[in-house]
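Please find below a colleague's note on the model shown here, arranged as numbered points.

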Amino acid sequence: YLSTIQRADKGSFARWDSATPLEYAEELKVNMPDVGSEIDAVTAGFLQARYDRKDILAAEVERIEPQWKALRRALRNRSAQSPSDRL
């Protein structure tokens, strides 16, 4: 999750300091609706890992990993586009 935020922040989706993970996810989904379900899954996984008292099971990580990779790929593709292509 944190590496995804850093990648998005380096692109055109800077996260404001006071934004919660859920607020930031909503902002990303507005700008990248094609990966909205991936954004939700990665955000939910982060929130569970960060705030839940139970350990994250390997099966949960395996379930979220493909969605994280798809989101990461979308961010890479987006940052590779010229600014005029994004409009």
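**Notes on the helices and their salt bridges**

1. K69 and E65 lie four residues apart in helix α4, so that about one helical turn separates them; helices here are DSSP runs of H or I with at least four residues, and strands are runs of E with at least two, numbered from the N terminus. The two residues form a salt bridge in which the closest N and O atoms are 3.7 Å apart, a salt bridge being a side-chain nitrogen of Lys or Arg within 4 Å of a carboxyl oxygen of Asp or Glu. K69 counts as partly exposed at 35% relative accessibility, and E65 counts as partly exposed at 35% relative accessibility, where buried means under 20% relative accessible area, exposed means over 50%, and partly exposed lies in between (1.4 Å probe, protein chains only).

2. On the basis of these notes: this is a predicted model, in which local features need pLDDT of at least 70 and side-chain atom pairs count only at pLDDT 80 or more, while totals for chains, interfaces and linings use all residues. Residues are numbered from 1 along each chain as its sequence is written, and side-chain values use heavy atoms, with hydrogens and water left out.

3. As to the geometry of α4, its 23 residues should span 33 Å at 1.5 Å a residue, and the end C-alpha atoms are 32 Å apart, which agrees; the expected span is 1.5 Å times one less than the number of residues.

4. Which salt bridge links distant parts of the chain? D40 forms a salt bridge with K29, the closest N and O atoms being 2.8 Å apart. This pair joins helix α3 (residues 36-51), which holds D40, to helix α2, which holds K29, the two residues being eleven apart. D40 counts as partly exposed, at 36% relative accessibility. A search of the whole structure finds four salt bridges.

5. K29 deserves a point of its own. It is found in helix α2 (residues 21-31), and its side chain makes a polar contact with the side chain of E26 at 2.9 Å; a polar contact is a pair of N or O atoms within 3.5 Å, where, within protein, one must be able to donate a hydrogen and the other to accept it, and where residues adjacent in sequence count only if both atoms are side-chain atoms. E26, K29 and D40 are linked in a network of salt bridges. Leaving aside neighbours within four places in sequence, K29 is in contact with G36, I39 and D40, contact meaning heavy atoms within 4.5 Å.

6. In helix α3, the buried residues are G36, E38, I39, A41, V42, T43, G45 and F46, and they pack against α1, α2 and α4. One of them, I39, counts as buried at 1% relative accessibility. Apart from neighbours within four places in sequence, I39 is in contact with A25, L28, K29, M32 and L71.

7. Helix α1 (residues 2-10) has T4, I5 and A8 buried. Seen down the axis of α1, the buried residues fall within an arc of 100 degrees, so they line one face of the helix, the arc being that of the directions from the helix axis to the C-beta atoms. On the other side of α1, L2, Q6 and K10 are exposed. The buried residues of α1 pack against α2 and α4 (58-80). T4, buried with a relative accessible area of 7%, touches W68, L71 and L75, not counting residues up to four places away in sequence.
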